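Hi there,

Here is the structure I promised to pass on. Have a look at it first, and then read on for my notes.

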Amino acid sequence: MQAKKRYLILFSAGACLILLFCFGGIQVPLSIRGPHGSDERSLTGYHPGARWRRFPGYLQHFSSWEQDRSDDHNEHISPRQKRDAYSGVYSGKRCRMESCFDFSLCERNGFKVYVYPQQKGEKMSESYQNILSSIEGSRFYTPDPGQACLFVLSLDTLDRDQLSPQYVHNLKAKIQSLPLWNGGKNHIIFNLYSGTWPDYTEDLGFDIGLAMLAKASISTENFRPNFDISIPLFSKDHPRTGGERGYLKHNTIPPFRKYMLVFKGKRYLTGIGSDTRNALYHVHNSEDVVLLTTCKHGKDWQKHKDARCDKDNAEYDKYDYREMLYNSTFCLVPRGRRLGSFRFLEALQAACVPVMLSNGWELPFSEIIDWNTAAVMGDERLLLQIPSTVRSIHQDKILSLRQQTQFLWEAYFNSVEKIVLTTLEIIQDRVLQHTSRSNLMWNSLPGGLFTQPQYSTYLGDFPFYYAKLGVKPYPKFTAIIHLVTPLVSQSQPVMKLLVAVAKSQYCAQVIVLWNCDKPLPAKHRWPATSVPVIVIEGESKVISSRFLPYDTIPTDSVLSLDEDTVLSTTEVDFAFTVWLSFPDRIVGYPARSHFWDSNKERWGYTSKWTNDYSMVLTGAAIYHKYYHYLYTTYLPASLKTMVDQMSNCEDILMNFLVSSVSKLPPIKVTQKKQYKETMMGQSSRASRWADPDHFAQRQTCMNKFASWFGTMPLVHSQMRLDPVLFKDQVSILRKKYRDIERL
């Protein structure tokens, strides 16, 4: 009997050992040799029991050791890490700038972009034409492929939905036949729509190879960080240049509107993207949360009609979309068939804070934009929590979010040109990493497009960041006097001007820009001053040379002067003290204005002295020297050539530029009433101001400049800054700038 018990115990123990061995409970250190005799235990992550998987249920067939190993490892890694692990199977899926971009092409000529010539017979959508036109009109464009760092196809790749009339057939063969394709290296492909019914995948229908992808509705799973660029989905009506400003005219405190959360759009009854929009009715309350959907879209919508369609359609027709958009604090942006939606840009423009409801969408320009400062990130799985989430956001945060939507809309999204230029600037920052923009430059006024890191990488060298850095501009200015007439007398107005400016306590030096055809006068012809006087011959003797970024300007500010300007030292001092408080604007004396002539349907220019102005002429104005750099590098050669040929309008163009950057008007300061008459009495420019052709040219310039900018950037103002106690009936001895009143 005892022997039987012992046999039973031994038999049970043996059976348990066998079962434990089979299911991986006991690990046996087997030596696994590879095909070349190498010991595979040396592989990273190897453990002896990896061949035996622990299945929770019934046994399945064995898979290869490598697959088991990767599957077991992938159970504990993120989706992005899984994507990177498998992406090597597909061509270019693991591309990064370091591995799939030839930086040597950018070393010779800098960052230049070449657009392939359009092939005969190839159709092209208006949106793609706008993209190519924006590139060709930019400072990056080169017509020579030998100078190019980046290449853009002339074949329309925007719409890769096979059911679309814009779909280009046989694109794969056409691209492969391009002589400069080189497997896609140093190419960028623009795309708005990919895939088709029913799954709407992100496949473009051809192998992009090593090319970068600037794509709308791209998922984080397929997005290649530091290589691809996520762009917004925009309509065919999106303006090519200029673009409308945001709709936030003034801030309201508290920042709440009629509706808390709104949405109005299609409801997909079946297929991808239907789950999210089908569930919106659960949080719709017809009061402050108005989420409307309609089944009326597509040819066969009635075939899929459900019990809610009639009610939804009736509710949908009660509300005007624009009225909802402009009167809501938050706007829901759920995914459509694809991850992106037109609602995103519409919400930004309307200053309606976007509430994102599109899981897995790589947001537009996510590489540079901090979307947490302008949008609320929702989760499709937590739809019912959205109303309570937005209600809990403090009003200070709402105001901040709303203001940021307006900045981002106007800086990067309100035109096709800005979308394209932002894309190119991002790539340039990758190529020229030592001069790339900081996060602050991209996410604060005036934005990355107007902040050129080639000028400086230190924020304190720009006029926009003094307050953020807690610093002040350098308390001296450099005067630049533009001279076009020869010196014939020591009593010329320019001599008196030079002496008056040099006496200013804030003057560091005076630069005389000699744009006269006569030879430079001898040094003894210039008056003796307490500050250095440097005479520079103008480049090519053109009028735009007055705005070149001369290395001889050591100060932050520039006092720009015409040779016939009449200013006293006191007026110069006061103007500079005002500029110290407004370093991003033009501050000066002679003011002009613009207006819309409805009869001629064009912009007009007026020099009438009124309380309203939108320009301060650079004949007597102070501004930051960074605007010299922008004038030279940002503005197109066509505008500067026009100015130089006419020897006119350079001051108007500078005002256009500064107002376009700052979104603010210039500042006029107090001046003597005799300024206009005195200036008009001088000989050097009297003929120009009295010449009707001169005035007509300035009218033409206004419209040419507005056409290039795509909008009218000038801003009207009625503010004039005077010294404290100016014109007050008190003793003149109590006034700091007393000499201004005596003039």
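Accessible areas here come from the Shrake-Rupley method with a 1.4 Å probe. On that basis, the accessible surface of the chain comes to about 35500 Å², and carbon and sulfur atoms hold 53% of that surface. Please keep in mind that this is a predicted model.

First, the chain as a whole. There are 743 residues, and 51% of them count as buried. The secondary structure amounts to 24 helices and 23 strands. Among contacts with a separation of 6 or more, 72% are between residues 24 or more positions apart.

Now to the sheet of 5 strands. This sheet is open, its pairing is parallel, and the order reads S9-S8-S10-S11-S12. At its edges are S9 (289-294) and S12 (376-377), each of which pairs on one side only. S8 (residues 259-266) runs parallel to S9, and 6 bridges join the two. Helix H8 (residues 309-316) lies across S8 and S9, at about 120° to S9. Helix H12 (residues 395-413) also packs on the sheet, where it touches S10 (328-334), S11 (353-357) and S12. The direction of H12 makes about 90° with that of S11.

The other sheet to look at has 8 strands. It is open too, but with mixed pairing, in the order S15-S14-S13-S16-S21-S17-S22-S23. Its edge strands are S15 (533-537) and S23 (720-721), and each pairs on one side only. Inside this order, S17 (residues 587-588) and S21 (residues 620-624) are antiparallel and share 2 bridges; valine 587 has isoleucine 622 in S21 as its bridge partner. Helix H17 (residues 569-579) lies across several strands, including S13, S16 and S21, and runs at about 30° to S21. Helix H18 (residues 626-633) lies across S13, S16 and S21, running at about 85° to S21.

Serine 138 is found between helix H5 (126-136) and strand S2 (150-152). Is serine 138 buried or exposed? Its relative accessibility is 12%, so serine 138 counts as buried, the cut-off being under 20%. Beyond its neighbours within four places in sequence, serine 138 is in contact with Leu421 and Leu424.

Notes. Residues numbered from 1 in each chain as written. Predicted model: local features only at pLDDT ≥ 70, side-chain atom pairs only at ≥ 80, totals over all residues. Heavy atoms only, no water. Pairing = 2+ DSSP bridges. Helix = DSSP H or I, 4+ residues; strand = E, 2+ residues; numbered from the N terminus. Contact = heavy atoms within 4.5 Å. Axes fitted to C-alpha atoms, helices over the stretch in contact; angles between N-to-C directions. Buried < 20%, exposed > 50% of the residue type's maximum accessible area, 1.4 Å probe, protein only.
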